[in-house]
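User: Hi, I have a structure open and would like to talk it through step by step. Could you start with the surface and then go on to the parts inside?

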Amino acid sequence: MQNGSYKRNHEGDYKCNEQELKMMLRDANDEGNDGILLENYGMEDIDGETLRKYRQLFKTDHPEHAWNDLEDKEFLRNMGGYGKNRNTGTEALTLAGLLMFGKGLSVRERFSNVRMDYVDYTNISGEQRYSDRLTYDGSWENNLFNFIRMVLPKLTRDLPRPFKMEGMQRIDDTPLHKAVREAVTNAVIHSDYMLNGVLRIEKHDEGFVLKNPGLLKLPVRAIYEGGESKSRNPRMQDMLRMIGYGENLGSGFPSILKAWHDTRLAEPMLVEQTELMQVELTMQIVLGNNDFLKDFLKELTERQIDILKIINTDFLITTQGIADKTGTTDRTVRNDIKTLKEKGLLDREGGRKDGKWIVTGNGVALLEVIR
């Protein structure tokens, strides 16, 4: 069968290897990959704290939903995370249930072929290889829900948050933040977890790179245009959508493109890397010379800009030291620093006595605009 199996890419037709052939057969299932029952994996393989946090978010978004009163196993059954083979009577977790909410050890035992990895290459100095990393080190239960929950704040921390109010409530969830959340969600729900590979998310000074195992189920052009969706893991997609992660069917990638276009950033680039059996999405986020950042600059006071300049030249300075330099009070400086942090221009690493200030990538870019 393999001898007669071919796949078409942008360069023409090529013969499928064994891994690709198996992937194509899996993808032919209209119900997706993540409903597979994992025999001998049951509720004892679920991390109770992970599921509890998910259910809290679910209840917040759906306070009157009937599933809130169900026990964990029945809740998972309704969510597609637990199932039963009606022919044999065997009950077990599904692929979606274990990968989303499983204990780290159980996930690694069953899916030793695939890894989750986050690497931050920003603000590197000296001999550093990276400034932050999240991988299998025993410090967290490595399931997909925890991976998403831990990575997203790291990715979006430096994104600017222009001041916006709806009534009396401040709105911090900007289109850029939503687009990054959509991109991470897409990487998760379109991964082929039967392949050997890495679900890898990288943060660079110039943007983000997301890689997931598996090839595209639709042509790149159709994905850019939207309107169609063929999720490889529809149960995971539903689980994430129920807590506000992911757009409606077929609208996810166009929403990413729109957010980048409206912010005058380079269009995200989606590439199918056939030889590596993975898909790579590059999202440039360099804001230094675009109009968006110049408009963003108008929301800061001259004193806040001066504080950013001072910290950029002395990252160990105290708030009282800043107050002395700007001729204001320590309390005022603290309020200004809070604003700079909220806008994603400034961060703090460590405590008050032994810590240091960090001017984020967009903070540096903003200072470049002023120069």
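Analyst: Please keep in mind that this is a predicted model. The protein chain has an accessible surface of about 19,400 Å², and carbon and sulfur atoms account for 46% of that surface.

User: And how much of the chain counts as buried?

Analyst: Of its 371 residues, 48% count as buried.

User: OK, how many helices and strands are there?

Analyst: The protein chain holds 15 helices and 15 strands.

User: At what angle do helix 2 and helix 3 cross?

Analyst: The axes of helix 2 (residues 48-61) and helix 3 (residues 72-79) cross at roughly 65° and come within 12 Å, and the crossing is left-handed. Helix 2 brings Leu51, Tyr54, Arg55 and Phe58 to the contact, while helix 3 brings Asp72, Phe75, Leu76 and Met79. Sorted by kind, the residues of this contact are six nonpolar, two charged and no polar.

User: Switching to the sheet, what is the order of its six strands?

Analyst: The order in this open sheet is 7-6-10-11-13-12, and the pairing is mixed. Strand 7 (132-134) and strand 12 (269-273) stand at the edges with a single partner strand each, so one side of each has no neighbour in the sheet. On average, neighbouring strands of this sheet are turned by 10° against each other, direction ignored.

User: So how does strand 12 pair with strand 13, parallel or antiparallel?

Analyst: Strand 12 pairs with strand 13 (residues 278-284) in the antiparallel sense, over five bridges.

User: Which residue stands opposite Val279 in strand 13?

Analyst: That is Glu272.

Methods
Residues are numbered from 1 along each chain as its sequence is written. This is a predicted model: local features need pLDDT of at least 70, side-chain atom pairs count only at pLDDT 80 or more; totals for chains, interfaces and linings use all residues. Side-chain values use heavy atoms; hydrogens and water are left out. Axes are lines fitted to C-alpha atoms, for helices over the stretch in contact, and angles run from 0 to 180 degrees between N-to-C directions. Helices (H or I, at least four residues) and strands (E, at least two) are DSSP runs, numbered from the N terminus. A crossing is left-handed if the near helix is turned anticlockwise from the far one by less than a right angle, and right-handed if clockwise. Contact means heavy atoms within 4.5 Å. Ala, Val, Leu, Ile, Met, Phe, Trp, Tyr, Cys and Pro count as nonpolar, Asp, Glu, Lys and Arg as charged, and the others, Gly among them, as polar. Two strands pair if DSSP finds at least two bridges between them. Buried means under 20% relative accessible area, exposed over 50%, partly exposed in between (1.4 Å probe, protein chains only). Accessible areas come from the Shrake-Rupley method with a 1.4 Å probe; for residues, only the protein chains shown count as cover.
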